[in-house]
Amino acid sequence: MPNLKASGKGPILRGVTTFCFNEYAVTNDPFSVQICVGLKRQLQVYNVSIDKITRLKDIGMPDHALKLAANGDNVCVALQDEYIVYNIKTSGVQKLFSFNSDMFVPMICRITKEEFLVSANEGLGIFTDEKGMSNRPPVQWSYSLLDLAYSHPYILGLSDEVVMVYSILDQQQKQAISFVGGRNVGNFDGRIYINSCSAVYSLVAVPWYEQVKGRRQMC
């Protein structure tokens, strides 16, 4: 967009491959937010306030990050061929599992305060914590996955043709909403947005009474 302007003060972040917002960040400043930035073979953590950007930590990585998801002190990273969880506080590293990125698109989504959802081979979505443990059965995607989002109690998986809606309670698909040309889906302060190459759309839940009213009119 030609009318966007930079706001605030601080360094310009260059060479960024991916970044994420840390909703559960532990910070002493209630007027700042924390972001994690993936650079070439490096993970950087920043506090961002209205007037400055403060660099908190650098963590070396064996390769550049394809995807990031932050969850408190832990950041789940999709590298070229494996998922790794880094602990911001202790600099600890926990390898989750290796994969072949030619077989699927690596995706990460924060679920609960202790949990991530990552894409895997054979069309699976695997739940994991920072120690590589899983307390839920995997999700079986019905279409090839392009992006992920979570809005309790639903997981939204974006494909070329539809938005897949799964329940976190039983990991079963509840709905498939037709949407061709989607590129990204995200939960922003409780609102679900989907973008294509040329537009941004809002996915809005229809109240149950409106659904009942619509069915009655059809009958």
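**Overall form and aromatic pairs of the predicted model**

In the predicted model, the accessible surface of the protein comes to about 13,400 Å², and 52% of this area belongs to carbon and sulfur atoms. Buried residues account for 38% of the 219 residues in the protein. On the charged side chains, the count is 21 positive and 20 negative, with the centres of the two sets lying 6 Å apart.

The secondary structure of the protein consists of one helix and 19 strands. The radius of gyration is 19 Å, which is close to the 17 Å given by the globule rule for 219 residues, so the protein is as compact as a globular protein of that length. Along the principal axes, the C-alpha atoms fill a box of roughly 60 × 40 × 30 Å. When contacts between residues at least 6 apart in sequence are considered, 34% of them join residues at least 24 apart.

Aromatic side chains were examined next. A pair of aromatic rings is described by the distance of the centres and the angle of the planes. The count of aromatic pairs in the protein comes to six. One of these is formed by Y83 and F99, whose rings are tilted, with 4.9 Å from centre to centre and 50° between the planes. Because Y83 lies in strand β7 (residues 82–87) and F99 in the loop between β8 (93–98) and β9 (108–110), this pair ties together parts that are 16 residues apart in sequence. Y83 is buried, with a relative accessible area of 0%, and F99 is likewise buried, with a relative accessible area of 8%.

A further pair involves F179 and Y201, and here the arrangement is edge-to-face, because the ring centres are 5.2 Å apart and the planes stand at 80°, where an angle over 60 degrees is the criterion for that class. F179 is placed in the loop between β16 (173–178) and β17 (184–188), while Y201 belongs to strand β19 (residues 200–203), so that the pair ties together parts that are 22 residues apart in sequence. With a relative accessibility of 16%, F179 counts as buried, because the limit for that class is under 20%. Y201, by contrast, is partly exposed, with a relative accessible area of 40%.

Beyond individual pairs, Y83 and F99 also belong to a cluster in which ring pairs link Y83, F97, F99 and F104.

Technical notes: Residues are numbered from 1 along each chain as its sequence is written. This is a predicted model: local features need pLDDT of at least 70, side-chain atom pairs count only at pLDDT 80 or more; totals for chains, interfaces and linings use all residues. Side-chain values use heavy atoms; hydrogens and water are left out. Helices (H or I, at least four residues) and strands (E, at least two) are DSSP runs, numbered from the N terminus. The radius of gyration is taken over C-alpha atoms; the globule rule is 2.2 Å times the number of residues to the power 0.38. Buried means under 20% relative accessible area, exposed over 50%, partly exposed in between (1.4 Å probe, protein chains only). Contact means heavy atoms within 4.5 Å. Accessible areas come from the Shrake-Rupley method with a 1.4 Å probe; for residues, only the protein chains shown count as cover. Lys and Arg count as positive and Asp and Glu as negative; His and the chain ends are not counted. The place of a charge is taken as NZ of Lys, CZ of Arg, CG of Asp or CD of Glu. Rings of Phe, Tyr and Trp (its six-membered ring) pair if their centres lie within 6.5 Å; planes under 30 degrees apart count as stacked, over 60 as edge-to-face and the rest as tilted.
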